[in-house]
Amino acid sequence: MPMEIFMKPPNTVAMISIFRLILFFSIPHAVLTLSTFTKLQLPSNVFGPDSLAFDQQGGGPYTGVSDGRILKYEGSSSGFTEYAYTTPTWSKEVCEGIIEPNLGPTCGRPLGLGFNYQTCELYIVDAVSGLVVVGPDGGLATPLATSAEGVPFGLPDALDVDQLTGKVYFTDASSVYGIREIIQAVGNNDATGKLLEYDPSTNQVTVLMKGLSGAVGAAVSRDGSFVLVTELFANRTQKFWLKGPKANTSEVLVTFQGRPDNIKTTANGTFWVAVNTGKFLLPTSPTGQEIDADGNVLRTVNFETEYGSTLISEVQERGDAYLNLYVGSLLASFVGVYTLNN
């Protein structure tokens with residue numbers, strides 16, 4: 001979750017990308033060739049589809065964008081349409097398509113999101129409003145949490161929903177720095193991030209992990225036995241055990257040669273991580289890495305052909321006969337869809 005991802009346009013890369021900057025190496029794994037590429041174009045003057053979600057019927061993708069709205073893709077004819085918003089002060093006149101960081105508290109900035117398939121509710125973490133939820137018909141979100149253990153969230157970022165229990169796992173990238181203060185977080189090597197759990201049956205938020213270095217991704221395993229959390233500043237993913245003999249303990253699962261961002265679970269129980277690699281600052285090589293539950297890198301896909309040196313924030317897998325990789329980016333004005341022979 002980068003600095004001023006509220007409303008800065010894609011051509012101001014230097015200002016917006018500090019929080020997702022890349023370190024020193026190239027990925028040493030085999031790179032797969034992409035078969036086809038499609039752009040799902042966002043509306044005019046809108047950018048920054050950080051994270052993506054699909055509903056229980058496969059509809060979508062849904063994504064939060066720079067002017068504070070959550071949009072839903074309705075097919076090639078209709079494109080993206082307005083689905084929800086996270087703040088009661090959002091208005092078309094003030095917010096729609098506007099590029100103004102100071103309007104964050106008014107318009108919101110939704111980042112991580114995910115559906116509960118049983119209730120058809122869409123959970124969202126907003127960089128300003130905290131954890132919120134939208135009902136099946138969309139519209140204005142209902143606030144759920146803005147703090148944990150008496151400490152306000154600094155930068156809520158990533159989210160996943162356990163479909164077995166309904167619990168929501170999300171991150172606070174920093175407990176000290178907000179979305180407008182990411183440069184300070186980087187300069188001070190901030191390690192105040194958290195992994196949190198929200199239980200809708202009790203409306204309680206529990207802190208699972210503290211001291212994380214830029215907690216920007218969260219993904220629960222399909223059996224609900226553990227949660228993975230990515231640390232942007234530490235270049236790694238940790239595993240937090242929810243069940244079994246290691247319950248309530250954590251371990252480093254994998255360290256990347258690059259900066260990891262969002263992480264998403266696949267239908268097969270593996271995980272896709274958006275990893276930006278290259279030399280410090282720019283240029284950047286945007287890639288997706290699929291890992292298993294033991295941290296082994298199964299395959300790597302390079303997205304440079306279509307994204308150039310643009311930072312990506314998420315890679316999500318969909319499809320059976322053909323493998324579709326949906327790609328999010330805080331700097332892009334579209335959602336990328338890559339199709340590979342499975």
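By class, how many nonpolar, polar and charged residues does the lining of the largest pocket have? The lining has 11 nonpolar, 9 polar and 8 charged residues. This is a predicted model. The protein has 342 residues, and buried residues make up 59% of them. Its secondary structure comes to 5 helices and 28 strands. Of the contacts with a separation of 6 or more, 52% join residues 24 or more positions apart.

**Largest pocket**

- The largest pocket holds about 710 Å³ of space.
- Its lining is made up of 28 residues.
- Nearest the centre of the largest pocket lie Tyr117, Arg222, Thr265, Thr266 and Ala267.
- Several elements give two or more residues to this lining: β3 (52-53), β7 (110-116), β14 (156-161), β22 (259-265) and β26 (314-318).

**Cavities**

- The whole structure was searched for cavities of 30 Å³ or more, and 2 were found.
- The second largest cavity has a volume of about 40 Å³.
- Its lining consists of Ser51, Gly112, Ala158, Leu159, Gly217, Ala218, Asn262, Ile263, Lys264 and Glu314.
- β14, β18 and β22 each give two or more residues to that lining.
- Which element gives the most to the lining of the second largest cavity? β22 does, with 3 residues.
- By class, this cavity is lined by 4 nonpolar, 4 polar and 2 charged residues.

- Why is strand β19 (residues 226-231) described as largely enclosed by the rest of the structure? The reason is burial: 6 of its 6 residues are buried, so the rest of the structure largely encloses the strand.
- Each face of β19 is covered. Phe226, Leu228 and Thr230 are buried on one side. Val227, Val229 and Glu231 are buried on the other.
- Strand β18 (residues 215-220) pairs with β19 in the antiparallel sense, over 5 bridges.
- Within that pairing, Val220 has Val227 of β19 as its bridge partner.
- The hairpin of β18 and β19 has 5 residues between the strands. Gly224 in this hairpin takes a positive phi near 70 degrees.
- β19 also pairs with strand β20 (residues 236-241), again in the antiparallel sense. This pairing runs over 6 bridges.
- Opposite Phe226 stands Trp241 in β20.
- The hairpin of β19 and β20 has 4 residues between its strands. In the turn, Asn235 has a positive phi of about 60 degrees.

**The five-strand sheet**

- An open sheet of 5 strands has the order β3-β4-β5-β6-β10. Its pairing is mixed.
- β3 and β10 (139-140) stand at the edges. Each has a single partner strand, so one side of each is left without a neighbour in the sheet.
- Do strand β6 (residues 80-85) and β10 run parallel or antiparallel? They run parallel, joined by 2 bridges.
- Tyr85 stands opposite Leu140 in β10.

**Glu290**

- Glu290 is found in strand β24 (residues 285-291).
- The cut-off for buried is under 20% relative accessible area. Glu290 has 6% relative accessibility and therefore counts as buried.
- Its side chain makes a polar contact of 2.4 Å with the side chain of Arg299.
- Beyond its neighbours within four places in sequence, Glu290 is in contact with Thr270, Phe271, Trp272, Asn296, Val297, Leu298, Arg299 and Glu317.

**Thr142**

- Thr142 has its place in strand β11 (residues 142-145).
- Partly exposed means between the buried limit of 20% and the exposed limit of 50%. Thr142 has 43% relative accessibility, so it counts as partly exposed.
- Not counting residues up to four places away in sequence, Thr142 touches Val132 and Val133.
- Leu131 is 11 residues from Thr142 in sequence. In space, the two are 8.8 Å apart, C-alpha to C-alpha.

Key: Residues numbered from 1 in each chain as written. Predicted model: local features only at pLDDT ≥ 70, side-chain atom pairs only at ≥ 80, totals over all residues. Heavy atoms only, no water. Buried < 20%, exposed > 50% of the residue type's maximum accessible area, 1.4 Å probe, protein only. Pairing = 2+ DSSP bridges. Contact = heavy atoms within 4.5 Å. 1 Å grid on protein atoms, 1.4 Å probe; cavity = no way out; pocket = protein on both sides within 12 Å on 5 of 7 lines; lining within 4 Å. Points joined across faces, edges and corners; volume = space filled by probe spheres on them. Nonpolar A, V, L, I, M, F, W, Y, C, P; charged D, E, K, R; others polar. Polar contact = N/O pair within 3.5 Å; in protein donor to acceptor, adjacent residues only side chain to side chain.
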